[in-house]
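Biologist: Could you walk me through a few residues in this one? I would like the cut-offs spelled out as we go.

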Amino acid sequence: MILPGKDHVLKNAKAGTCLELSGEDGTSVIGWEYHDGANQKWRPQIEDKPVDPPERGDR
């Protein structure tokens with residue numbers, strides 16, 4: 001379960017890589033082997049108001 005305010009590691013179940021903020025440029029998000037670095041820890045937060053889902057072209 002993902003909890004707001006707690007750190008989480010997001011792992012790709014098929015590839016086995018973890019979501020990581022690239023140390024190369026500090027803005028790209030990549031998949032990389034787990035190494036317990038701070039750039040692999042994500043902290044979800046709850047916004048003040050709900051966000052509408054993006055429009056889908058097939059509606």
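Predicted model: local features only at pLDDT ≥ 70, side-chain atom pairs only at ≥ 80, totals over all residues.

Biologist: Is glutamine 40 buried or exposed?

Modeller: Glutamine 40 sits in the segment after β2 (29-32), strands being DSSP runs of E with at least two residues, numbered from the N terminus. Buried means under 20% relative accessible area, exposed over 50%, and partly exposed in between (1.4 Å probe, protein chains only). Glutamine 40 has 0% relative accessibility, so this residue counts as buried.

Biologist: Which residue has its backbone oxygen 3.1 Å from a polar atom of the side chain of glutamine 40?

Modeller: Contact means heavy atoms within 4.5 Å. Beyond neighbours within four places in sequence, glutamine 40 is in contact with residues including His8, Cys18, Trp32 and Glu33. The backbone oxygen at 3.1 Å from a polar side-chain atom of glutamine 40 belongs to glutamate 33.

Biologist: And threonine 27, buried or exposed?

Modeller: Threonine 27 is placed in the loop between β1 and β2. Not counting residues up to four places away in sequence, threonine 27 touches Leu21 and Ser22. With a relative accessible area of 61%, threonine 27 is exposed.

Biologist: What is the relative accessible area of isoleucine 2?

Modeller: Isoleucine 2 lies in the segment before β1 (18-21). This residue is exposed, and its relative accessible area is 55%.

Key. Residues numbered from 1 in each chain as written. Heavy atoms only, no water. Helix = DSSP H or I, 4+ residues; strand = E, 2+ residues; numbered from the N terminus. Polar contact = N/O pair within 3.5 Å; in protein donor to acceptor, adjacent residues only side chain to side chain.
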